[in-house]
Structures are given as structure tokens and as C-alpha cells.
Amino acid sequence: MSKIGFIGLGIMGTPMCLNLLKNGFEVTVYNRTMSKTQKLVGAGAKAAETPTLAAANADIIITIVSDSPDVEQVILGENGVIHGVKSGSVVIDMSTISPAVTRKIAAVLKAKNVHMLDAPVSGGDTGAKAGTLAIMVGGDKKIVERCLPVLNAMGKTVTHVGANGMGQTVKLCNQILVSITNMAVCEAVLFAKRAGVDPKTMIEATKNGAAGSWQLANLGPKMADGDFAPGFMIDLQQKDLRLALETARESLTPLPALSLVHQLFTGCQTHGEGSEGTQALFKSLQRLAE
Ligand code: NAP
């Protein structure tokens with residue numbers, strides 16, 4: 001069975017790593033804030049003081065940290081994975097980051113005969129806890145097959161979508177779909193309210209028809225109730241929308257609807273709502289109608 005090095009014990013990383021331990025993998029963990037390793041050590045993991053040391057004894061190294069510069073730092077930086085990793089091992093980055101940065105890291109690792117997969121996830125902390133994440137994987141097909149037992153311990157669907165960087169590209173497609181659908185729900189709820197229709201009645205009437213979506217069924221009632229607690233925070237969503245818009249610029253692809261949603265989320269951030277759930281997009285729209 002593969003030995004795992006696991007780097008990044010945040011909201012997502014901690015439950016994902018616990019699922020690896022539950023499935024019998026031997027795991028060495030690293031986290032920048034060392035105190036967060038205690039829970040995993042209590043569940044049977046070893047703790048390492050640097051990413052280099054977490055990688056040294058592993059066949060597969062998993063990273064799930066915040067943004068592109070953070071992944072570069074833990075893999076290629078001082079005390080990074082690259083200084084300890086064995087030839088022939090696999091680095092799986094499960095963070096949501098730039099496809100271009102992913103390809104750059106994969107090329108540097110390849111020169112040391114280390115494989116890379118980009119395997120970002122969808123499903124939030126509930127999916128991470130339940131081991132039901134959707135995992136979108138870019139990289140060599142044979143390497144994906146080799147890593148399947150590890151990926152299956154954390155996710156319900158593992159889809160190989162192409163070469164390095166394409167896992168991240170598909171994750172950004174996921175964020176385009178989610179954000180623009182959220183915007184449609186905001187407009188329908190606002191329109192219903194202002195026309196004197198109970199928004200929850202509108203949601204019940206429409207959610208099982210052609211307009212049905214996860215956002216309508218889950219975020220719509222929260223908008224109607226004025227419940228803006230996170231779920232998935234606006235600040236994190238904005239990081240993903242920035243990545244999608246930057247990546248689209250590289251291929252001169254216009255994304256007008258996503259740009260608008262990004263601006264309206266910026267309005268939420270201006271009003272101090274960045275740590276609220278993404279359904280607080282509704283407030284940005286509502287302000288336009290006041
Ligand atoms: P989080 O709770 O903020 O955790 C971030 C983790 O990254 C922490 O362990 C943090 O260490 C570490 N980190 C950040 N920068 C670092 C650096 N420069 N060097 C070393 N460690 C660093 O974030 P999360 O919610 O788990 O998200 C992690 C990734 O998954 C992100 O790319 C996010 O977009 C993606 N994602 C999140 C969700 C979600 O619902 N939360 C869903 C899908 C995908 P410290 O503990 O020291 O701060």
C-alpha cells in the first residue's frame with residue numbers, strides 16, 4: 001500500500017487526510033501551523049516539520065493549500081517537497097490553482113523523474129468529511145490509475161479529464177457554472193419578492209422543472225430567509241473567479257457573465273461581506289434595487 005505525505009490541514013485537508021487514515025494508508029502530515037497536526041497524529045499519522053520531510057518517505061505526496069503561490073512554495077520552495085521526494089513518486093495537488101502554474105510545477109518535477117497530477121475537488125467540507133468529493137484529474141492516465149485507490153478514499157467520482165492543467169481547467173468550468181447559476185437564482189428571488197410572490201413558493205414551483213439546480217434548491221431558500229452564513233465563502237469564490245478570468249484572458253476567451261458576477265461579489269467584499277456565504281451575492285443585487 002502506498003505511503004502518503006499530506007501537506008495542508010485546512011477545512012478540506014483535515015477531513016480528506018482522516019479518510020486516508022480510515023482506509024488504512026500510512027500518512028505523514030505537514031502543516032505550516034504545526035498545532036493543526038495534533039488531530040491527525042491522534043488518528044494515527046506521523047507529523048513532519050517540513051514539506052521536504054513529509055515527502056522523503058512517501059510514494060504519493062498530496063498538497064491542498066490555498067492559492068498558486070502557496071502550492072509553488074510547498075512544492076518548489078525552500079524546504080519544499082522537491083528537496084525530499086524520491087524518483088518515481090507522484091505529487092497530487094488537490095488545491096484550486098492556476099492551470100498555467102500547475103503545468104510549470106509539473107515540468108519542474110518531471111525533470112526530477114517525479115510525476116504530477118492536478119486533482120482539484122468539488123463538494124465542500126461536507127463532501128470532504130463524507131469522502132464523496134468530485135475529483136477532476138489532469139495528468140498521465142497510467143499515473144491516475146496507479147493513484148486511484150488513494151483518490152477513491154477521498155472522493156466518490158474521479159474523472160480523468162486530460163493532461164496536466166486540465167483538472168484545474170475543469171474545476172474553473174465548475175466555478176463558472178456554479179457562479180452564474182447563483183446569479184440567476186438571485187435575480188429570480190429578487191424579482192419574485194418585488195412582484196409580491198413568496199420566493200420560497202416560487203422555488204418550490206420551479207425547482208423540479210427545467211430550471212432546477214443545486215443553487216436554486218439550496219441557496220434560494222437561504223436568500224429568501226436572509227441567511228447569509230457560509231457554506232462556501234465569497235472571498236474563496238472570488239479567488240476561483242479571478243483564476244478563471246485570468247486563464248480566459250490567456251486564450252482571449254470572453255466570459256461576460258462571469259465578469260459581472262465577479263464585480264457584484266466585489267461589491268459584497270466592499271460591504272464587508274467577504275466571509276459570508278456565496279448566497280450573499282443576493283445582497284449586492286438587492287442594493288441595486290433600493
Ligand atoms: P483553508 O482552510 O484556508 O486551509 C488552507 C491550508 O493551506 C492551511 O493548512 C494553511 O496552513 C495552508 N497554507 C496556505 N498557504 C500556505 C503556504 N504558503 N505554505 C504552507 N501552507 C500554506 O482552505 P481550504 O478551505 O481547506 O481550501 C484549500 C484548497 O481547497 C483551496 O485551494 C480551495 O480553493 C480548495 N477548495 C476549498 C473548498 C471549500 O469548500 N473550503 C472546496 C473545494 C476546493 P495554516 O494552517 O498554517 O494556515
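This is a predicted model: local features need pLDDT of at least 70, side-chain atom pairs count only at pLDDT 80 or more; totals for chains, interfaces and linings use all residues.
Start by colouring residues 3-163 as domain 1 and residues 169-288 as domain 2. The C-alpha centres of the two domains lie 29 Å apart. The contact between them draws on 13 residues from domain 1 and 11 residues from domain 2. About 930 Å² is buried between domain 1 and domain 2, and carbon and sulfur atoms give 61% of that area. On the side of domain 1, select Thr96, Pro99 and Met136, which lose the most area to domain 2 and together make up 46% of what that side buries.

Next, look for charged and polar pairs across the interface. The count between domain 1 and domain 2 is one salt bridge, and four residue pairs are found in polar contact. Helix H5 and strand S7 (121-122) each supply at least two residues of the side of domain 1 that touches domain 2.

**Thr96**

Select Thr96, in the loop between S5 and H5. Is Thr96 buried or exposed? Thr96 has a relative accessible area of 11% and is therefore buried, the cut-off being under 20%. Now show what surrounds Thr96: beyond its neighbours within four places in sequence, Thr96 is in contact with Ser66, Pro120, Gln168, Lys171, Leu172, Lys239, Asp240 and Leu243.

**Helix H4**

Move to helix H4, residues 68-76, and pick out Ser68, Val71, Val74 and Ile75, which are buried. These residues lie on the same side of H4 because they cover an arc of only 135° around the axis. An α-helix has 3.6 residues a turn, so residues three or four places apart point the same way. What do the buried residues of H4 pack against? Their partners are strand S1 (3-7), helix H3 (51-56), strand S4 (60-63), strand S5 (90-93), helix H5 (99-110) and helix H11 (234-250).

**Two residues with positive phi**

Most residues other than glycine have a negative phi. Select Asn79, in the loop between H4 and S5. The phi of Asn79 is positive, near 65°, and Asn79 is partly exposed at a relative accessible area of 41%. Then go to Leu252, in the loop between H11 and helix H12 (256-270). Leu252 also has a positive phi, near 50°, and is exposed, with a relative accessible area of 77%.

**Salt bridges**

How many salt bridges does a search of the whole structure find? The search finds 13. Begin with Arg242 and Asp67, whose closest N and O atoms are 2.5 Å apart.

Select Lys141 and Glu145 next; their side chains form a salt bridge at 3.5 Å, N to O. Both residues belong to helix H7 (residues 141-152) and stand four residues apart, about one turn of the helix. Lys141 is exposed at 52% relative accessibility, while Glu145 is partly exposed at 44%.

Lys207 and Glu204 form another salt bridge, at 3.1 Å from N to O. Lys207 is partly exposed, with a relative accessible area of 29%.

End at Arg287 and Glu273, joined by a salt bridge of 2.9 Å, N to O. This pair links distant parts of the chain, 14 residues apart: Arg287 is in helix H13 (residues 281-288) and Glu273 is in the loop between H12 and H13. Arg287 is partly exposed at 24% relative accessibility, whereas Glu273 is buried at 6%.

Definitions and conventions: Residues are numbered from 1 along each chain as its sequence is written. Side-chain values use heavy atoms; hydrogens and water are left out. Buried means under 20% relative accessible area, exposed over 50%, partly exposed in between (1.4 Å probe, protein chains only). The arc is that of the directions from the helix axis to the C-beta atoms. Contact means heavy atoms within 4.5 Å. Domain bounds come from an automatic or database domain assignment. Buried area is the accessible area (1.4 Å probe) that two parts lose on being put together, summed over both. A salt bridge is a side-chain nitrogen of Lys or Arg within 4 Å of a carboxyl oxygen of Asp or Glu. A polar contact is a pair of N or O atoms within 3.5 Å; within protein, one must be able to donate a hydrogen and the other to accept it, and residues adjacent in sequence count only if both atoms are side-chain atoms.
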